[in-house]
Amino acid sequence: MPIDLRKHDPDDPITIRPETNKAKIIKLLYRDTNLGFTPAEIREELDLPRGTVSGTLSRLHDEGLIGKTSDGLYHGLDHREDL
């Protein structure tokens, strides 16, 4: 999907291209930051392959874009108003 250069900021540290699996997962988790999802629930909700979901969740968590509870539930972060 092309990027609208009128809205593009190359210095923006958050690089989430629309319609990617990364964007789909972010959108799901930030619908309600009070909800936590297992990787299986995310796979089922978004109809994505297992390896895609687990790898993307790991990267998003490592980048500080999503949270993860000690028992493995992924969620949006209420302090991230930029997402």
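The legends below describe close-up views of helix packing and of the nonpolar core in a predicted model. Local features need pLDDT of at least 70 and side-chain atom pairs count only at pLDDT 80 or more, whereas totals for chains, interfaces and linings use all residues. Residues are numbered from 1 along each chain as its sequence is written, and side-chain values use heavy atoms, with hydrogens and water left out.

**View 1. The crossing of α2 and α3.** The axes of helix α2 (residues 39–46) and helix α3 (residues 50–62) come within 10 Å and cross at roughly 120°, which makes α2 oblique to α3 (angles under 35 degrees count as roughly parallel, over 145 as roughly antiparallel, 65 to 115 as roughly perpendicular and the rest as oblique). Pro 39, Ile 42 and Arg 43 of α2 make the contact with Arg 50, Val 53 and Leu 57 of α3, contact meaning heavy atoms within 4.5 Å.

**View 2. The crossing of α1 and α2.** The axes of α1 and α2 come within 11 Å and cross at roughly 110°, which makes α1 roughly perpendicular to α2. Here Lys 24, Ile 25, Leu 28 and Leu 29 in α1 meet Ile 42, Glu 45 and Leu 46 in α2.

**View 3. The largest nonpolar core.** Of its 16 residues, Ile 25, Leu 29, Ile 42, Leu 57 and Ile 66 touch the most other members; such a core is a set of buried Ala, Val, Leu, Ile, Met, Phe, Trp, Tyr and Cys residues joined through side-chain atoms within 4.5 Å, and buried means under 20% relative accessible area with a 1.4 Å probe, protein chains only. Helices α1 (21–29), α2 and α3 each supply at least two residues of this core, and α1 gives the most, with four.

Key
Axes are lines fitted to C-alpha atoms, for helices over the stretch in contact, and angles run from 0 to 180 degrees between N-to-C directions. Buried means under 20% relative accessible area, exposed over 50%, partly exposed in between (1.4 Å probe, protein chains only).
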